[in-house]
Amino acid sequence: MGLPVSASPVQNALYIILVMLGILGNATVIVVIGKSVIMDRGVGRTSDIIIINMTLSNLLVSLIRNTLLVISDTGVKIYLSKGWCQYFMGVWVWLRSVNVWSTLFLSVFHFRTLRRVAPTIACRGIPKTLLLSLALIWFLNFIYSIPAHIFSTSGSINSTETLMLVSSTTRPLLGCVWKFPSSLHGLAYATTSIIINEAIPIILMVFTNLGSFFTLYTYGRTQSSGKDAPLIKRVPAERRAAKVILALIMLFIASWGTSIISVNYFNYNRGSSVEFLLVIARFSNTTFIAMSPVILAVGHRHLRAFIKSLLFAH
């Protein structure tokens, strides 16, 4: 299918491992943390609910998008009808966009947590504002994905992809390609995608991460723990959680930043390095989904306890 991304057997094997790790890891995070939230009836579990939302988007991307890439890499040739292509392209854009904004939501939430002076009052149940915010992320990104449903179609065996988005595809898959009225419309949509769902979230994550770094640095340089000191100076658990979230967001920025550069080089500046960069984009798209459960397992006490119970069960 048009501009194929050639990969060695080693690269294919590594990609399959990353996809499987993403599926098993994110499913484990959802089950373990979800169980703790249910058992504690949502008391003081705001960050856990946000993590579950992010890992759910990770899992759905792995199941609905990345597994199909693995099947394609095994040599299975599947070509969908126009209707199914429109459905899948819309879903791919929707899930990838939700993934970005869910990760940003986690970053912003923990930045506010680090800067908070007074601890929040624990309440029964899940805060309605939190549920509303998460529902808004899914709904607004669904609206954003509608053009992907409209302007996609089923290509032929010899179809060539001339436009790629980080939020949907790094190569033609299942015979599905973009079909805009003109190349100008396609580049307009790609540019809008860069700004709304790629550049803005990444920039905001960088700023919130810098703010979190500054807060941690200030804590390390300050010995006082006065009454009006930020909560992080008085609650060690907040510091530990902050370091885990910082590592998670840094991984996201690195993986998505690499993918954005690679894909947009393809869109705007075709050159001799296109094929290599698309291979890089392919792996960087999957790295965050595969490795984020590992980072969470290091810092989340329920996940650590679950892993220890597996390792030392006998």
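**Close-up 1. Ser292 sits in helix H7, which spans residues 274–299.** Helices (H or I, at least four residues) and strands (E, at least two) are DSSP runs, numbered from the N terminus. The model is predicted: local features need pLDDT of at least 70, side-chain atom pairs count only at pLDDT 80 or more, and totals for chains, interfaces and linings use all residues. Residues are numbered from 1 along each chain as its sequence is written, and side-chain values use heavy atoms, with hydrogens and water left out. Ser292 is buried, at a relative accessible area of 0%. Buried means under 20% relative accessible area, exposed over 50%, partly exposed in between (1.4 Å probe, protein chains only).

**Close-up 2. The Ser292 side chain meets the side chain of Asn58 in a polar contact of 3.5 Å.** Such a contact is a pair of N or O atoms within 3.5 Å; within protein, one must be able to donate a hydrogen and the other to accept it, and residues adjacent in sequence count only if both atoms are side-chain atoms. Beyond neighbours within four places in sequence, Ser292 is in contact (heavy atoms within 4.5 Å) with Asn26, Asn58, Leu248 and Leu251.

**Close-up 3. Pro293 also belongs to helix H7.** Pro293 is buried, with a relative accessible area of 7%. Setting aside neighbours within four places in sequence, its contacts are Gly25, Asn26 and Val29. From Pro293 to Leu248 the C-alpha to C-alpha distance is 9.2 Å, and the two are 45 residues apart in sequence.

**Close-up 4. Helix H7 belongs to a protein with eight helices and two strands.** From the N terminus, the elements run α-α-α-α-β-β-α-α-α-α. Buried residues make up 48% of the 314 residues.
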